[in-house]
Amino acid sequence: TDPTAFNYNPLANQDDSSCVPFIYGCTDTTMLNYNPLANTDDGSCIGCTGLVVAPYAENFDSFGNLGAFNQSANDQMNWTQDNLGTGSINTGPSDDITGGGYYMYTETSGFNNMSAILYSECVDISQLTNPCMTFYYHMYGATMGTLDVLVNGTNVWSLSGDQGDQWNMAQASLSAFVGNDITVTFIGIYGGSYTGDMAIDNISIDECV
């Protein structure tokens with residue numbers, strides 16, 4: 001019965017506690033900054049602004065340069081380029097996957113029920129016969145949230161909860177997207193407290209191994 005809610009029902013005469021707030025963002029799955037958490041489009045959708053040809057790899061080791069990746073302006077947290085630990089104890093990596101370099105991580109201190117979105121420019125995978133995306137993730141912390149990976153708006157990989165204090169490798173097939181340029185989106189979702197700093201590193205779009 002709340003007229004300010006996204007799912008306000010003017011015919012209802014009793015509130016059933018089902019009200020959903022408006023979440024603004026880009027709701028077009030073909031856009032670079034598509035926000036799967038949004039239920040109301042705010043006109044912020046951004047199309048391809050560049051084209052990267054696979055094979056492509058990004059390790060974030062050039063400080064201040066995210067390569068083909070961009071921060072969303074419509075999320076609540078941020079992915080931060082960092083090295084040698086995060087700002088919270090008992091969570092996050094102490095180094096990058098190769099040692100001495102940088103990675104991207106989400107700092108969850110001070111946030112609540114929020115997400116951080118990192119998206120790529122368009123990637124041309126037409127030169128690959130059997131394309132896959134490989135990356136490393138670090139999800140250590142008692143209140144670890146969820147890491148989702150989307151390709152052209154489709155969820156191709158998802159994991160939740162504490163995975164231990166080490167880097168792990170993940171691989172997702174891109175065979176369903178052959179014939180199309182792709183965009184890749186990493187979404188880090190808050191898990192409940194400050195011990196939920198997740199990180200990603202060494203993203204590669206190449207032939208499956």
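**Entry 1: a surface patch**

I began with what counts as a patch here: its residues have over 30% relative accessible area and no salt bridge, and nonpolar side chains are joined within 5 Å. I kept in mind that I was reading a predicted model. With that cut-off in hand, I found a nonpolar patch on the surface made of Phe6, Val20, Phe22 and Tyr24. Together these four residues have about 360 Å² of accessible area.

I then looked up valine 20 by itself. It sits in the segment before strand S1, which covers 24–25. Its relative accessibility is 33%, so I noted valine 20 as partly exposed.

**Entry 2: aromatic rings**

Next I went through the rings. How many aromatic pairs does the structure hold? I noted ten. Phenylalanine 135 belongs to strand S10 (residues 131–139) and tryptophan 157 to strand S12 (residues 154–160), so the pair ties together parts that are 22 residues apart in sequence.

Are these two residues buried or exposed? I found both phenylalanine 135 and tryptophan 157 buried. They also belong to a cluster linked by ring pairs, along with Phe60, Phe69, Tyr137 and Phe186.

**Entry 3: the five-stranded sheet**

I turned to an open sheet of five strands and wrote down its order, S5-S8-S14-S11-S12, with antiparallel pairing. Strands S5 (69–71) and S12 stand at the edges with a single partner strand each, so one side of each lacks a neighbour in the sheet. On average, neighbouring strands in this sheet are turned by 20° against each other, direction ignored.

A reminder to myself: strands of a sheet pair through backbone hydrogen bonds, either parallel or antiparallel.

**Entry 4: around S14**

I followed S14 (residues 184–189) to its partners. Six bridges join S14 to strand S11 (residues 146–151), and the two run antiparallel. Valine 151 has valine 184 in S14 as its bridge partner, while threonine 146 stands opposite isoleucine 189. Five bridges join S14 to strand S8 (residues 115–120), again running antiparallel. Here I saw alanine 116 opposite glycine 188 of S14. I also checked how covered S14 is: five of its six residues are buried, so I wrote "mostly covered".

Why is S8 largely enclosed by the rest of the structure? Six of the six residues of S8 are buried, so the strand is largely enclosed. I checked its faces too: Ser115, Ile117 and Tyr119 are buried on one side, and Ala116, Leu118 and Ser120 are buried on the other.

Last, I looked at S5, which is joined to S8 by three bridges and runs antiparallel to it. Phenylalanine 69 stands opposite serine 120 in S8, and I had already listed Phe69 in the ring cluster.

Methods
Residues are numbered from 1 along each chain as its sequence is written. This is a predicted model: local features need pLDDT of at least 70, side-chain atom pairs count only at pLDDT 80 or more; totals for chains, interfaces and linings use all residues. Side-chain values use heavy atoms; hydrogens and water are left out. Patches are made of residues with over 30% relative accessible area and no salt bridge: like charges are joined within 9 Å, nonpolar side chains (Val, Leu, Ile, Met, Phe, Trp, Tyr) within 5 Å. Accessible areas come from the Shrake-Rupley method with a 1.4 Å probe; for residues, only the protein chains shown count as cover. A salt bridge is a side-chain nitrogen of Lys or Arg within 4 Å of a carboxyl oxygen of Asp or Glu. Helices (H or I, at least four residues) and strands (E, at least two) are DSSP runs, numbered from the N terminus. Buried means under 20% relative accessible area, exposed over 50%, partly exposed in between (1.4 Å probe, protein chains only). Rings of Phe, Tyr and Trp (its six-membered ring) pair if their centres lie within 6.5 Å; planes under 30 degrees apart count as stacked, over 60 as edge-to-face and the rest as tilted. Two strands pair if DSSP finds at least two bridges between them. Axes are lines fitted to C-alpha atoms, for helices over the stretch in contact, and angles run from 0 to 180 degrees between N-to-C directions.
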